[in-house]
Amino acid sequence: MTAVPVHHVVTGPDDAPVVVLSNSLGSTMSMWDAQAEALAEHFRVVRYDTRGHGGSPVPDGPYAIDDLADDVVALLDTLAVDRAHFVGLSLGGMTGMRLAARNPGRVERLVVLCTGAHLEPASAWHDRAATVRGQGTGAVAEAVVQRWFTPAFLDANPDMKASSEGLVAATPAEGYASCCEVIATMDLRPDLPTISAPTLAIAGADDPATPPPNLAEIADAVQDGRLLVVPEAAHLANAEQPATITPAIIAHLAGDPA
Ligand SMILES: O=C(O)CC1=CCC(=O)O1
């Protein structure tokens, strides 16, 4: 499939190093709201909506992980950016790993959060795709958001629970389902040893979707990897624990020693 022109927003100084932020399944670039302002003090921040999500095109599926990575290459070309840092959470992290493996010259440093190189069983992703195609994304919204945040956070932040469920439910069904099929058919384990970009892998200690061993596998297998496990955080760890995660991202991208 050919790359599509993804919806994106650029903030921060024109002459600063570029960082691209990539969203999770069922969200949009708004999932980076807690990081965007702080990152823009140091970087030219490019936020985009993964194809099938938010304001980006929704081509007919199925999609493959290469399609998602190729969309980022096309975005960098559009912006005339040769090389950028890349930060991706969950599906965004998978995109970043394939991008860095296949296009080492385009990725300076990599941060992957709450993701995995493979997420079994494939049947669960095919089942979710079928549910969403049949009943819409609203049918999975509540269950998905239960994995995004810890129970304590959801209890304390009912507005966030409601807006997050709304975000999932607003995702186009074909886009969501086709990205489920990306995950079903993806195995990035052979990519990992080829990734030369220094990589920070961040796990939410309480993430039921992509628990810490998934991130440890990535940190161990890439050429220059480091693991950070963040307490009291589930799948959208960046939103639940921004005070820990935002400075960790900035320090890694700046090349500060751990
Ligand atoms: O939606 C989930 O269950 C968790 C998830 C997997 C990939 C992603 O982006 O979110």
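A polar side-chain atom of R128 comes to 2.7 Å from an oxygen atom of the ligand in this predicted model, a polar contact being a pair of N or O atoms within 3.5 Å. The protein covers 99% of the 280 Å² of accessible area that the ligand has on its own, with areas taken from the Shrake-Rupley method and a 1.4 Å probe. S90 also puts a polar side-chain atom 2.7 Å from a ligand oxygen. With L25 it is the backbone that takes part, through an N or O atom 2.7 Å from an oxygen atom of the ligand.

As for ground rules, residues are numbered from 1 along each chain as its sequence is written, and side-chain values use heavy atoms, leaving out hydrogens and water. Because the model is predicted, local features need pLDDT of at least 70 and side-chain atom pairs count only at pLDDT 80 or more, while totals for chains, interfaces and linings use all residues.

The shell around the ligand, meaning residues with a heavy atom within 4 Å of it, consists of S24, L25, S90, L91, W125, R128, R147, I183, A209 and H235. Sorted by type, that shell has five nonpolar, three polar and two charged residues. Here Ala, Val, Leu, Ile, Met, Phe, Trp, Tyr, Cys and Pro count as nonpolar, Asp, Glu, Lys and Arg as charged, and the others, Gly among them, as polar.

The ligand takes up the space of the largest pocket. A pocket is an open set of points on a 1 Å grid over the protein atoms alone, with protein on both sides within 12 Å along at least five of seven lines, and its lining residues have an atom within 4 Å of a point. A molecule sits in one if more than half of its atoms lie within 2 Å of its grid points. This pocket holds about 280 Å³ of space, a volume being the space filled by probe spheres set on the points. Its lining has 18 residues, with W125, R128, R147, A209 and H235 nearest the centre. Two or more lining residues come from each of α4 (122-135), α5 (138-148) and α8 (173-185). By type, the lining splits into 11 nonpolar, four polar and three charged residues.

The second largest pocket holds about 160 Å³. Its lining includes S30, D33, W148, F149 and M160. Both α1 (33-39) and α7 (158-170) give two or more residues to this lining, and α7 gives the most, with four. Eight nonpolar, three polar and one charged residue make up the lining.

How values were computed: Polar contact = N/O pair within 3.5 Å; in protein donor to acceptor, adjacent residues only side chain to side chain. 1 Å grid on protein atoms, 1.4 Å probe; cavity = no way out; pocket = protein on both sides within 12 Å on 5 of 7 lines; lining within 4 Å.
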